Structure formats: structure tokens, C-alpha cells
Amino acid sequence: MDTKNDDSGAPVLLLVGSSGGHLAQLLALRPWYEQWRRCWVTFDTPEAISLLAGEDLVPAHHPTTRNVPNLLRNALLAWRVLRARRVAAVVTTGAGVAVPFVVLARLRRIPTVYIEVYDRIDTPTLTARLCRPFLSAMLVQWDEQRRQYPEATVVGTLL
């Protein structure tokens with residue numbers, strides 16, 4: 001885990017998401033984020049390590065579903081990462097790993113952006129509901145998702 005200070009002092013975009021589909025949706029944003037210095041927070045699964053080869057990767061604790069010890073570990077990890085880096089913004093697609101990063105970033109006045117996953121059209125995800133009060137921006141991929149998030153901006157599908 002690399003949470004040490006970055007000597008360049010340049011701002012970094014913090015991309016946070018569980019591995020699998022959440023990570024795939026963040027990776028689909030590449031044309032938007034490729035000009036930014038970035039740091040990824042995800043699980044250290046073989047797939048994630050392969051997909052993020054050469055990227056600044058901070059492994060998060062998993063599983064996160066109904067796992068309070070890992071929630072607390074990830075909260076401590078978020079505190080360390082946000083303290084050690086000059087974070088310009090936190091962008092996430094969820095799931096559970098996102099909550100402590102969004103909450104602590106917002107408390108530090110760091111902009112927070114949540115992108116609701118494309119496969120939850122009729123009901124909001126638990127992570128989105130937990131993060132919502134701490135968000136600077138809520139983005140959705142389908143017009144229909146605005147029924148749950150009227151304040152959201154529709155960005156279209158990522159995958």
C-alpha cells in the first residue's frame with residue numbers, strides 16, 4: 001500500500017470502486033481522466049491488478065458487504081490516502097469501499113462525484129443512498145434513474 005506523500009505536489013484524481021463491474025465502469029472513463037494524474041483504490045484481485053498495471057494503485061480491504069471490520073479498515077485507509085495526497089476530486093461508481101472515501105473527502109472539502117451503476121435503473125443502490133448526502137455531484141447513466149435522483153446529471157452509459 002502506497003499512501004506516502006507525493007513529492008510533485010500535483011493534484012491527483014482519486015478513482016474509487018470495487019473490482020469487477022464497478023472498476024470496468026471507471027475504466028470506461030479513460031478519455032476523460034487520462035490527462036489527469038490519478039490514483040486508484042480498489043481490491044487487489046488478479047483482474048484489477050492486471051487492468052491497472054502501471055497505475056498508482058492502493059488496495060482496499062474486502063469483502064465490504066456487511067463487513068464492519070473492513071469498513072473500519074477502509075475508513076482508516078481513506079483517512080491515510082486523503083491526508084497523504086493532494087486529491088483534486090474523488091470519483092466513484094461504488095460499492096461499499098466508496099462510502100468512507102466519499103464521506104471523509106467531503107469532510108475535507110474535496111469534491112466528490114458518484115456515478116450510479118448502469119444496471120440499477122428502478123431502485124437506488126445502497127452505496128448511492130449512503131453517499132448521497134456527501135456528494136458534490138450525482139451522475140446517472142439512464143434518464144430513468146432520475147426518478148431516484150432528480151438532482152442527478154445524465155451522462156449516458158459508460159459500457
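Good morning. Please keep in mind that this is a predicted model.

The largest nonpolar core has 18 residues. Within this core, the residues with the most contacts are Leu14, Val41, Val90 and Phe101. Which elements supply at least two residues each to this core? They are strand E1 (12-17), strand E2 (38-43), strand E3 (57-60), helix H4 (68-84), strand E4 (87-94) and helix H5 (98-107). Of these, H4 gives the most, with 4 residues. There is also a second, separate core of 15 residues, and Leu23, Leu26, Ala89 and Leu139 are among its members.

Let us now look at helix H5. Is this helix largely enclosed or largely open? It is largely enclosed by the rest of the structure, because 7 of its 10 residues are buried. The buried residues are Ala98, Val99, Pro100, Phe101, Val102, Val103 and Ala105. Their cover includes E1, E2, H4, E4, E5 and H6. Phenylalanine 101 shows this in detail: leaving aside residues up to four places away in sequence, Phe101 touches Leu14, Val16, Val41, Asn74, Leu77, Ala78, Val81 and Leu82. After H5 comes arginine 109, which has a positive phi, near 65°.

Threonine 93 has a relative accessible area of 0%, so it counts as buried. Which residues does threonine 93 touch, not counting those up to four places away in sequence? The contacts are Val16, His22, Gln25, Leu26, Tyr114, Ile115 and Val117.

I turn to aromatic rings. A pair of aromatic rings is described by the distance of the centres and the angle of the planes. A search of the whole structure finds 1 such pair. Tyrosine 33 and tryptophan 40 form it, with an edge-to-face arrangement, 5.5 Å centre to centre and 85° between the planes. Both tyrosine 33 and tryptophan 40 are buried.

Next, the charged side chains. How many salt bridges does a search of the whole structure find? The search finds 5, and I shall present three of them.

In one, arginine 38 pairs with glutamate 55, and the closest N and O atoms are 2.9 Å apart. This pair links distant parts of the chain, 17 residues apart: arginine 38 is in strand E2, and glutamate 55 is in the loop between helix H3 (46-51) and E3. Arginine 38 has 15% relative accessibility and therefore counts as buried, while glutamate 55, at 22%, is partly exposed.

In another, aspartate 122 pairs with arginine 147, with the closest N and O atoms 3.4 Å apart. This bridge also joins distant parts of the chain, 25 residues apart, from the loop between E5 and H6 to the loop between strand E6 (137-140) and strand E7 (153-154). Both aspartate 122 and arginine 147 are exposed.

In the third, glutamate 34 pairs with arginine 30, the closest N and O atoms being 3.9 Å apart. Glutamate 34 is partly exposed at 47%, and arginine 30 is partly exposed at 40%.

I end at the surface. Tyr118, Trp142 and Leu159 form a nonpolar patch there, and together they have about 290 Å² of accessible area. Tyrosine 118 sits in the loop between strand E5 (112-115) and helix H6 (126-131). With a relative accessible area of 34%, tyrosine 118 is partly exposed.

Thank you for your attention.

Conventions. Residues are numbered from 1 along each chain as its sequence is written. This is a predicted model: local features need pLDDT of at least 70, side-chain atom pairs count only at pLDDT 80 or more; totals for chains, interfaces and linings use all residues. Side-chain values use heavy atoms; hydrogens and water are left out. Patches are made of residues with over 30% relative accessible area and no salt bridge: like charges are joined within 9 Å, nonpolar side chains (Val, Leu, Ile, Met, Phe, Trp, Tyr) within 5 Å. Accessible areas come from the Shrake-Rupley method with a 1.4 Å probe; for residues, only the protein chains shown count as cover. A salt bridge is a side-chain nitrogen of Lys or Arg within 4 Å of a carboxyl oxygen of Asp or Glu. Buried means under 20% relative accessible area, exposed over 50%, partly exposed in between (1.4 Å probe, protein chains only). A nonpolar core is a set of buried Ala, Val, Leu, Ile, Met, Phe, Trp, Tyr and Cys residues joined through side-chain atoms within 4.5 Å. Contact means heavy atoms within 4.5 Å. Rings of Phe, Tyr and Trp (its six-membered ring) pair if their centres lie within 6.5 Å; planes under 30 degrees apart count as stacked, over 60 as edge-to-face and the rest as tilted.
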